Amino acid sequence: MKIFGLLAVFVTGALLISAVVDFPDFGDPESPANAGEVATHFVEKTYEETHVPNMVTAVLADYRGYDTMFETVVIFTGGVAIIAILQGLGLRRKKGMVPTPPRAEGDHHDIIIGTTCRILIPVIQLFALYVVAHGHYSPGGGFQGGVILGASFILWAIARDLDAGLARMPERRFLVLGVVGILIYGVFGWVAQFLGANFLDYSVLHEVMPATDPIMARYHSMLGVEVGVAFTVTAIMFAIYAHLSTRGELEGGL
Amino acid sequence: MIWQFDLILLVFLVVTAVIALRVRDLLSASMIFGIYSFLICLLWAEMGAVDVAFTEAAVGAGVSAVFLIATVFNTSRRSSD
Amino acid sequence: MGFLTQYVIPHFNFWIYVILLMIGLYAMITKNNLIKKLIGMSIFQTAIILFYVSLGAKEGGRIPILTGEVLYAEKKAQAVAYGGEAAKGDAADLPPPMEKESDSADLDDGDLTDELLSYGKNFGDDSDDDDDEGIIDPDAYANPLPHVLMLTAIVVGVATLGVGLAIVQMIYREYGTIEEDEILAKVKKGEGKYG
Amino acid sequence: MVEQLPAIVVLTPMVAALLVTLLGLRRRAWCFPVVIVGLGATLAAATGLLVRVYRDGPVDYFMGGWEVPLGIGIQLRVDGLNALVLMTVAVVALIVGVYSFRREEDVKVPAKTVPFYTLFLLLVTGLCGITITADAFNLFVLLEVTSLTGYGLVAMGSSKRGKVAAFNYVIMGTIGASFILLGTGYLYIQTGTLNMEGIREVIEAQDLFGSTTIVVAFILMMVGVFIKMAFFPLYGWLPNAYSYCPSTTSCILAPLMTKVSIYIMIRFMLGIFGAEYVFQAHATAIVVWLAVLAVLAGSLLALAQVEIKKMLCYLIVAEVGYMVGGAWLANHWGMVGALYHIVSDAIMTLCLFLGASILWSRLKARRIDDLSGAFRKMPWTMSAFVLGGLAMIGVPPTSGFFSKWYLIRGGMEAGRWEYVVVLLVSSLVNAILFFRIIEIAYFGKEPAESHGGAHGEGDVEERVAAPRVRLVALWAAAILVVLVGVFNGELVSFIEKGLEGIPIIGNVGGGN
């Protein structure tokens, strides 16, 4: 097995290296990938076409918005798969499967940790919302913000215990929020379809949005889409943590 | 982009990757994997991919490591290789 | 040395990516511990992300976000091109969308809206309205496309990692171990019994 | 509405999946109707697309309206070939959806209902999306949707070994998908675009055929799909993953996953690289030989199995060999045969797996020996199962005969006698396998065998009623097996029409 694995690895490595020699130089602005029509279009025209200074956000949420919708679906799928594998969603606490491992000795609700988290978490959450909302101008966006928001719940669940986290976001809400996020994303596409354009063509949405022109409609729609992503990611990240840390029993936890 | 910095980070990356896979304590492996993610996040920030770096910082160094630790906590900490 | 200068140095990022990928792949195939395999899998995936990000990097390329003077110039150009008279006055603090709406409400914006509409319909073929040509130098910014792709890849990676870890926990619950050889031995012992 | 069909066909199952989650969390009984309506709507949309493609030729759809320059947005493209695959996916999904009514697993553990249906519909979403996307990276994203649902569906069963199989599936599936992603990156670094058509145009315009990067990209993508479809040396993950998962899961995964992967392979070959690049003498020779080995290995290992499902899984490995070999014969009939076989094999496999699942759930027949007397106990189920078996062997009115016929014709024209011979050998092996089953099921084993005794059947020989809904699903599949066979002329002419626009498959129209 080891020999076979080593062989496979080296064959793959040799294959990849053989092409590396053929690549354009590292950092070459004139390489086909960087100077190609698509890449230059993104750099030059993004602001003109969407009014979003952060090209990555614009490409992510608009030009390749279909990909991003399915990226959200991937997260949702992952969450559902993990819940299914760990046999969660009984929506009632399951008892008597395998006893949860004994907890570490000592007072779990450490006062220093608890207080620090109490102070820290609002700041984290505020930052997360900022990241979601300010993705047009700075790095960030729905996904990053959603992960940070989810992480704040995880932090709370680690600092106190899982029940404290579940009190903020109950089990039933995991998947509902996940679905709502994708639906928020989808609505921007479906309204566009309804108005006669292609799926996710935000430019026609200025007819129904408080936006003056097609470009601002794109700008605002991207924000809406990012919010949808953030919903799904927040809920699913915490759901994954809640299930992984308790073997799906949602009791005990780290 | 500063190639010296780039090179140093890359070397560190390889080192942490190897250590993460060689260390026998899975909790340490998870932590070192978090360090690996953090280094690669630095690398991406350095290469101009700030959005990717941000995501990696949140996902790789943050949430992934927590998931790994949660699993180690629920299974076994020792690894035979 | 010739080999180094010709093949390795100009592509050193790509060499390291291959090394990382090999490390990850090796761990995935040969490691005995299931969690180690998953760590290997993550390294494997980050190696691919490293490859993509490297191919989009540019010597002297900045982060792909318009800021400072370029953004200012761009805004001005846009305002002149599409805002018409409305925004000419002070393009510096370009009106946020709401204000802009109220601004243009004073004007006879009938044909202006039409123009905007028609602009929105066919902005693919704007090859000849190049009045802002040259404000943004494409070589000055890193290629945003690989970054976008890799955001998606990272998401996929964490979802896969989570699913893998969930399966590991279930395996531990069923077999009491996460070492592959011990699991296989137990499977072999239980052969014949189904389930 | 009609223009929106390509988007609708992908989004309908997705919306259904979301609704299943929302409604199913309220009341589990709402899951099934939503699934059926969703899959029915998907089928309707797929049919609409098929008709439209048949009438007007390929349909393009640009997500977000980003059309020019090509490649800045994501393009969907439905042509004659993938309209057919899409239709197959929709039909199989609907039949399995009907079959899933009151699954045993749901009755036993009701908590699994909602995740199961959500994952099931997301799997269909992914498969539909993969089939019609024209963007190499979008293909990877959707491939991951299908993979993740696949991992979840396999691992959520109650089988112990299913988990181990699922873990291997995760590892192999990730390697496969990552190779496809790497291949896409290698193409991107040389061509600067992700749109399949765009890549092809750039490769042709700049004559990059000699470039090592393109060769490596091609190899990576091929190895990636070979892993995904469980082609010969890389098939290890498949039999366990598909046989230790819940029966409904195997019914949806077995017919569709490998077939769609084969379609992806054909799409990569013809859509990105072009036939004249792909079909070079040494490459075709290697792959056809691998296909020969795949068929041999699959058939022989199937012969050695005692469990019905495992046996069927190894037959899938053999069938993958058929299709890959056919596609790599580099001539018209080989390609037509491979595409036709995608449809025909999906339906045959569906029929067999549905039959095996009903037999397992009612008679607890996991081994072939357990089938003794099955004909008397469950005549309808067993006869549909046998019909599927006959198609696998290749008996004339069924679809299996015709697909084999086209493949053999292609093999003979290409002068690949090893492929022709191995197809015949495999048919023979299938005949042995299924006649053994028929013999056991019809005449029964020696009465001394006590397999059935433990369950209170066996001697009594009373009829066991299969649930009616499942029987309907099974017979729908069985009738489709015959229909696909009877209307082979129409299907083939449709495939030929789809292949028309695509430059060269060896000798189009000639040599027949």
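**Exercise 1. Fold of chain D**

Task: Find what share of the contacts in chain D with a separation of 6 or more comes from residues 24 or more positions apart, and state which size a compact globule with 512 residues would have.

Solution. 
1. In this predicted model, 81% of the contacts in chain D with a separation of 6 or more join residues 24 or more positions apart.
2. The secondary structure of chain D consists of 21 helices and two strands.
3. For 512 residues, a compact globule would have a radius of gyration near 24 Å; the value for chain D is 22 Å, which agrees.
4. Along the principal axes, the C-alpha atoms of chain D fill a box of roughly 75 × 55 × 40 Å.
5. Burial is counted below 20% relative accessible area. Of the 512 residues of chain D, 69% count as buried.

**Exercise 2. Interface of chain C and chain A**

Task: Determine how many residues each chain gives to the contact between chain C and chain A, and which helix of chain C gives the most to the side that touches chain A.

Solution. 
1. The contact draws 70 residues from chain C and 73 residues from chain A.
2. Interface size is often expressed as the accessible area lost when the parts come together. Chain C and chain A bury about 6,600 Å² between them, and 72% of this area is on carbon and sulfur atoms.
3. Next come the specific pairs.
4. At least two residues of the side of chain C that touches chain A come from each of helices H2 (12-30), H3 (34-56), H4 (68-83), H5 (97-106), H6 (110-121) and H7 (144-175) of chain C.
5. H7(C) gives the most to this side of chain C, with 20 residues.
6. Sorted by class, the side of chain C that touches chain A holds 45 nonpolar, twelve polar and 13 charged residues.

**Exercise 3. Surroundings of Thr232(A)**

Task: Decide whether Thr232(A) is buried or exposed, and identify which backbone nitrogen its side chain reaches.

Solution. 
1. Thr232(A) belongs to helix H10 of chain A, residues 214-245.
2. The relative accessible area of Thr232(A) is 0%, so this residue is buried.
3. Leaving out residues up to four places away in sequence, Thr232(A) touches Thr72(A), Ile75(A), Phe76(A), Leu177(A), Gly178(A), Gly181(A) and Ile182(A).
4. The backbone nitrogen of Ile182(A) is reached by the side chain of Thr232(A) at 3.4 Å.

Conventions. Residues are numbered from 1 along each chain as its sequence is written. Chains are lettered from A and ligands numbered from 1 in the order in which they are written. This is a predicted model: local features need pLDDT of at least 70, side-chain atom pairs count only at pLDDT 80 or more; totals for chains, interfaces and linings use all residues. Side-chain values use heavy atoms; hydrogens and water are left out. Contact means heavy atoms within 4.5 Å. Buried area is the accessible area (1.4 Å probe) that two parts lose on being put together, summed over both. Helices (H or I, at least four residues) and strands (E, at least two) are DSSP runs, numbered from the N terminus. Ala, Val, Leu, Ile, Met, Phe, Trp, Tyr, Cys and Pro count as nonpolar, Asp, Glu, Lys and Arg as charged, and the others, Gly among them, as polar. Buried means under 20% relative accessible area, exposed over 50%, partly exposed in between (1.4 Å probe, protein chains only). A polar contact is a pair of N or O atoms within 3.5 Å; within protein, one must be able to donate a hydrogen and the other to accept it, and residues adjacent in sequence count only if both atoms are side-chain atoms. The radius of gyration is taken over C-alpha atoms; the globule rule is 2.2 Å times the number of residues to the power 0.38.
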